[in-house]
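Visitor: I have a structure to read, and I am new to this. Can you take me through it feature by feature?

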Amino acid sequence: MVLFLAAMALPVALDGYGLHILIIAYYYALLASSWCLLAGYAGQFSFAHAALAAVGAYTSALLVLNTDISPVFSIPIGSVAAAGVGFCIGFLCLRLQGPYLALFTIAFSEIFRIVLNAEYRYTGGNFGLNVPPLFSQESRILYYYTILGILILSLAIMHKIVKSRLGLFFRAVREDEEAAATLGVNVIKYKILAFVITSFFAGLAGGFYAHYVRILTPNIIQLPQMGLIIAMVVIGGIESLAGAVAGALILQLAAEYLRDYEELRWVFFGLLLVITLRFSQNGLIYPIYKRLTKKSEKDHAESD
Amino acid sequence: MTEYLLLQALNGLIIGLIYALMALGLTLIFSVLKIVNFAHGELYMLGAYFSYYLAKLFGFPPVLAVLSSMIIVFFIGVVIEVLFLRPVYTGAVERKDEYAILITFGLSIFLQNLALFVFGPWTRRSPSFMSGTTSVYSLSISNDRLFVSALAVVFMIATLVIIGRTFMGKGLRAVSQDREAAAIAGINPFKMNLLAFGAGSALAAAGGALIGPIFLIFPTMGAMPVIKSFVIIVLGGMGSIKGCIIASLILGEAESLGSVLFPDLTRGLAYKNAIGLLFLVVVLLVKPTGLFGEKHVRMK
């Protein structure tokens, strides 16, 4: 609640550049939390998440450019398109697990990137595609509240999913597919559903991003982008939506704060990712948060 | 046109050999450790840089530089195995497959950016092995390319001999078939892990060091070849050495000839890299065991 109020009040205290950084951070938070749902909860380690964001982004951008509909409608259409592609990936990958799934999704992303590059007559290729803005006014505050709203709404939905039977089935599929199937869980359905739901949110993030940044290049699919999302989720805590969001915000802000160190900060983040994985598989932020809240509870108990 | 096609086919063969070297390393690692090493491209890159610096700064003869760089990367591989992959086999991590994917992927980010920081973003080129070109009829090809192909073949044969004919290789094969049974027979699986990961890394380094004089060296140079090696190990069948070598040659040829035969030349070049990826996708969907893979291999 405190965080929510702080997020609502922040624009008052920040200049345009600070707002821009936060908007991008929220974009990553949406990508990170939806990947966390897919990988952490449903156990599908897909590397196609950035590509799915690009599906949403390019669908929405090309729709607006070619049919003159408003971005307000094209962004949801883009998200649905991403969900559709997510359905296909989920369907095709039913038999694939572990490294096979990772390789398949990497190949999918790369093919998509190559197609976007090669078909430059439609997509602008590496020169980029100029995308019309979401709002006609040049106001960062409007974008800020929009993405904040999208993020909070999406998180609320994802939180609801995690806490529902659906979330339980996701975890059952993750832990042991065969066992889940014998207990009557429709593994096929829930695997595909996990891809569809999370791809929708990825497409939503991508669509917003396209109409905010207003220039799209195929580079948003590159593997380092996916690496950034994974680093955010892993450092935040792979089995916690809040952890993933915190990871995204902290990493993005740290990247800005440490801007002067250029490559060195990515060396540091890479190292942090590897060390986190090796020594603390629930992430860095989530356990710290847990410990802090536990401590404060204890303090309460003692003061009572 | 036929001449051009022939030249392209020859180039495809040479590139295929370099791919094969790298993919052989990946196969070796996969068959023993049951891990796909996503940091393989970075070991390839390190191999290229070490070889470059050994030749440039310390005046090593090119071939010696390649060999020394392989040895250095062998030990880097050993360190990576001990520090990061060992927990997979001691039961310290729960979701082994996913842990292995993420940790090697994380290492690749780390190493790539470390290289960017230490070596800088500039492109470099290693000193050539042998200058000049050789002409056969109307085809001319640089001596460097021929020399590199010959060395690649030598390294590959050496690897095959070590795996197939030595006691050490027997140990590797035993562990790749069944860890527990091998352990009961007195083979230390941890030692074989170290050996396989080190040797696999050294093979990646060999690929990078050999490509140095032909193409350019830069921190992200491993990104594309590593994806090619993924294509190869999937196409050939995960863990199959024979499949790996045949698939490399298929991929090399398919890329070189495919881009030429594509009707629209500029798009043909753009789609060159997509050919292999399409192979990967189709093979995974239709026959996940690839051309020569025996069965679906997964970590227990």
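Guide: We will look at an interface, then at salt bridges, then at cavities. Keep in mind that this is a predicted model.

Visitor: Let us begin with the interface. How is its size given?

Guide: The size of an interface is often given as the accessible area lost when the parts come together. Here, chain A and chain B bury about 4200 Å² between them. Carbon and sulfur atoms give 76% of that area.

Visitor: How many residues of each chain are in contact?

Guide: Chain A brings 44 residues, and chain B brings 47.

Visitor: Which elements of chain A give two or more residues to the side that touches chain B?

Guide: They are α2 (16-41), α5 (98-118), α11 (223-236) and α13 (263-279) of chain A. The largest share comes from α5(A), with 13 residues.

Visitor: What kinds of residues make up that side of chain A?

Guide: The side of chain A that touches chain B has 29 nonpolar, 7 polar and 8 charged residues.

Visitor: Now salt bridges. What is the idea?

Guide: Side chains of opposite charge can pair when their charged atoms come close. Over all chains, the search finds 6 salt bridges. Across the interface of chain A and chain B there is 1.

Visitor: Which side chains meet in a salt bridge at 3.2 Å?

Guide: B:R95 and A:E239 do, with 3.2 Å from N to O.

Visitor: Show me one within a chain.

Guide: Take A:E110 and A:R113, whose side chains meet in a salt bridge of 3.0 Å, N to O. Both residues sit in helix α5 of chain A. They are 3 residues apart there, so about one helical turn separates them.

Visitor: Last, the cavities. How many of 30 Å³ or more are there in the whole structure?

Guide: The search finds 3.

Visitor: Which residues line the largest cavity?

Guide: Chain B supplies them: B:S51, B:A55, B:P62, B:A65, B:V66, B:S126, B:P127, B:F129, B:A209 and B:P213. Two helices, α2 (40-57) and α3 (62-90) of chain B, each supply at least two residues of this lining. The most comes from α3(B), with 3 residues.

Visitor: Is the lining of the largest cavity mostly nonpolar or charged?

Guide: Mostly nonpolar: there are 8 nonpolar residues, 2 polar and no charged.

Key: Residues are numbered from 1 along each chain as its sequence is written. Chains are lettered from A and ligands numbered from 1 in the order in which they are written. This is a predicted model: local features need pLDDT of at least 70, side-chain atom pairs count only at pLDDT 80 or more; totals for chains, interfaces and linings use all residues. Side-chain values use heavy atoms; hydrogens and water are left out. On a 1 Å grid over the protein atoms alone, a cavity is a set of points where a 1.4 Å probe fits but cannot get out, and a pocket is an open set with protein on both sides within 12 Å along at least five of seven lines; lining residues have an atom within 4 Å of a point. Grid points are joined across faces, edges and corners, and a volume is the space filled by probe spheres set on the points. Helices (H or I, at least four residues) and strands (E, at least two) are DSSP runs, numbered from the N terminus. Ala, Val, Leu, Ile, Met, Phe, Trp, Tyr, Cys and Pro count as nonpolar, Asp, Glu, Lys and Arg as charged, and the others, Gly among them, as polar. Contact means heavy atoms within 4.5 Å. Buried area is the accessible area (1.4 Å probe) that two parts lose on being put together, summed over both. A salt bridge is a side-chain nitrogen of Lys or Arg within 4 Å of a carboxyl oxygen of Asp or Glu.
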